[in-house]
Amino acid sequence: MSDSKLSTFSLAAAVAGAVSMAAMTIPSTASAAGKEKCYGVSKAGENGCANAAGTHSCAGQSTAAYDNGEWKLVAEGSCVEMGGLLEPSDGINEDAKMKAG
Amino acid sequence: MSTFAAGAADTAWVEIHSENFFALGGPRLAQLEDVRSHYAISCHGVGLSLGSAQGVDPDHLATLRGLVDRFEPALVSEHLSFSVVDDIYVNDLLPLPYTEEALEVVVRNVGHTQDALGRQILMENPSSYLTFVDSVLTEWDFLTELSQRSGCGLLLDVNNIYVSAQNNGFDTGTYLDGIPGDAVGEIHLAGHAIDGSGEDRLLIDTHGDVVADPVWALYQQTLEKLGPRPTLIEWDTNIPELEILLAEAHTAQRHLDAVSVAEDSSRVA
Amino acid sequence: MLHDLQREFSDVALTNSVAALLPQVTASRGSRKRRLGVYHANTVNSLTDVLSAAYPVVQRIVGDRFFNGLAKEFIEMHPPRQPTLFRYGGALADFLGGFVPAKDLPYLVDVARLEWARIDAYFAADRTPLDPQRLADVPPEQIGDLKFIVQPAHQLLESAFPIFTIWAMNQPNLDSVPEINFTHGECGFVSRLDNIVIQRALSIDTLTWLGALAEGKSLGAATELAMGCGAAFDLQNTLRQQLADGTFSDFHV
């Protein structure tokens, strides 16, 4: 590490600093540090999706599949609100462009 | 769930779908450890596909073995159905034709499973929505033969008997008379839904409602014939408040108490 | 042959193609096709529910009808091949990349990758986070050679789109909607701490540092790479945050 920008001393000092700070702070990720944005830890129930993910059941459902019959493959969800932030290409997403515009 | 996991419910045991716990780690297994510390467990499989002509998947069996070794369930059960063909896993309990060939397949697969787990398993009668041209055995004869040849026990789902009887036109009393009562190690109850009317009327095993009156009546009849058995009420969709579930469980307990005069008290989960 | 019948039945369940099986089944009354339809509905609806549980943000972005149509096509192309349903659907991001109706939502592929990373993290093997105090015992001259073992749940993601912000603005019950800037991509990680899935957007130097450590590079080598990213890499704060996030389970020198 002779030609390194890092000296053994600065590395060791940084690690020692991190360890001593870790000892002082509660190891909770809810307190986002510095410039990095933290998502997905602060709200109760946010992991409900993964909690319910892919559970097996031996129950039946119905005689009908969730088929949609006559429907257009046009996204109708929150992409409409975000549509104005992207440049939608011409074509099937005209709806979104108009609403966003 | 947390109230329940803390042991608050007056419940003797808890049944899990084994495959929901085939994870390497994470909250589900942690929660199961918690439940296991308060209740006995029953592992009810939905994916081993013991009716598959291609045999049992050794990896699946090894994972199940790991779960059974870790949680030491009081009961291990599976379904009389198939899910796996050409390595595609169909996430439903698909029905078998009741033929000699199918019987040999299931006897072999159940035997293999019992050898691998080192214990008896219970096989559950399915809800079915059709029958096969090639079937030569009734479902009760098929189950009787399966139990005798493989040494497995039976998990009698009383709602499934009723649903299949309504859909396929057989008599529930004849079914009960044809079942080897001594082999039955557990009973399931559940709610069903009625879909369509007239010719198209079908009962669907939704596990999403209270147990229907005719199913309670059939349960009573079953207990009178077999004596008390551990009974589980399945409720997988439209899950109501815990109080409603417990009320259903208490109804089942009343039925059990009525027949278990001089016998060990069986409990309801 | 039982095997042939089972193949035909699985076709019914997954795609409702009933022609081969129909002559082999009987119904006490009514339509046999309708009865086979129960198995198809059970199979496809429950797989759609599985996908919906795994990809709530994708579903929210495209809407329910689009999602059901997407699920139907995905299920036909990618039927389950393992008996654990919580492992079903990992191929959705790649599938979306070639799904023409979604071509106007180019960020969807990476949003799906982020959601699947959350599922991976949720079910990954358990490892106790590294106790930071153990680092205090490492002699200073060995610190540069130290190699961390990263949690099995920990995954890095990099996108040309602001996927972490998109994910956040599509959560139910938001206190405030985050600002979104489509001119920059985002990178970050997903992991699990105290049995809760966590995720955090990272700066490019931190991503580089974590990526190098995950590859097995030493702390010295990883830190040099991170410093080469141009930004002023703050090792002390970065390490402190990663220790708090439980990113490492162990180390060796």
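Reply: Begin with burial: a residue is buried if 20 or more other C-beta atoms lie within 10 Å of its own, and exposed if 12 or fewer do. The model is predicted, and the criterion can be applied to helix α8 of chain B, where B:Val215, B:Leu218, B:Tyr219, B:Thr222 and B:Leu223 are buried.

Me: How are the buried residues of α8(B) arranged, seen down the axis of the helix?

Reply: The general idea comes from helix geometry. An α-helix has 3.6 residues a turn, so residues three or four places apart point the same way. In this case, the buried residues of α8(B) line one face of the helix because, viewed down the axis, they fall within an arc of 140°. The face turned away from that buried side carries the exposed residues B:Asp213 and B:Glu224.

Me: What covers the buried residues of α8(B)?

Reply: The covering elements include the strands β8 (153-157) and β9 (184-190) of chain B, together with the helices α6 (158-168), α7 (172-178) and α9 (242-259) of chain B. As for its length, α8(B) spans residues 213-226 and reaches 20 Å from its first C-alpha to its last, close to the 20 Å expected. Just after the helix, B:Gly227 takes a positive phi of about 85°.

Me: Which residues are buried in α4 of chain C?

Reply: In α4(C), the buried residues are C:Phe66, C:Phe67, C:Asn68, C:Gly69, C:Leu70, C:Ala71 and C:Ile75. Their cover includes α1 (2-15), α2 (32-54) and α3 (56-62) of chain C. This helix runs over residues 64-77, and its 14 residues reach 20 Å, close to the 20 Å expected at 1.5 Å a residue.

Me: How many bridges join β4 and β5 of chain B?

Reply: Three bridges join strand β4 (residues 82-85) to strand β5 (residues 88-94) of chain B, and the two run antiparallel. B:Val85 stands opposite B:Ile88 in β5(B). The strands form a hairpin with two residues between them, and B:Asp86 in the turn has a positive phi of about 50°.

Me: Which residues does C:Pro152 contact beyond its neighbours within four places in sequence?

Reply: C:Pro152 is in contact with C:Ala124, C:Ala125 and C:Arg127. C:Arg127 is 25 residues away in sequence, yet the C-alpha atoms of the pair are 7.6 Å apart. C:Pro152 lies in the loop between β2 (147-150) and β3 (155-159) of chain C.

Me: What is the average pLDDT of chain A?

Reply: Read pLDDT as the predictor's confidence in each residue, from 0 to 100. Chain A averages 54, and 28% of its residues score at least 70.

Notes. Residues numbered from 1 in each chain as written. Chains lettered and ligands numbered in written order. Predicted model: local features only at pLDDT ≥ 70, side-chain atom pairs only at ≥ 80, totals over all residues. Helix = DSSP H or I, 4+ residues; strand = E, 2+ residues; numbered from the N terminus. Expected span 1.5 Å × (residues − 1). Contact = placed C-beta atoms within 7 Å. Pairing = 2+ DSSP bridges. Arc of directions from axis to C-beta.
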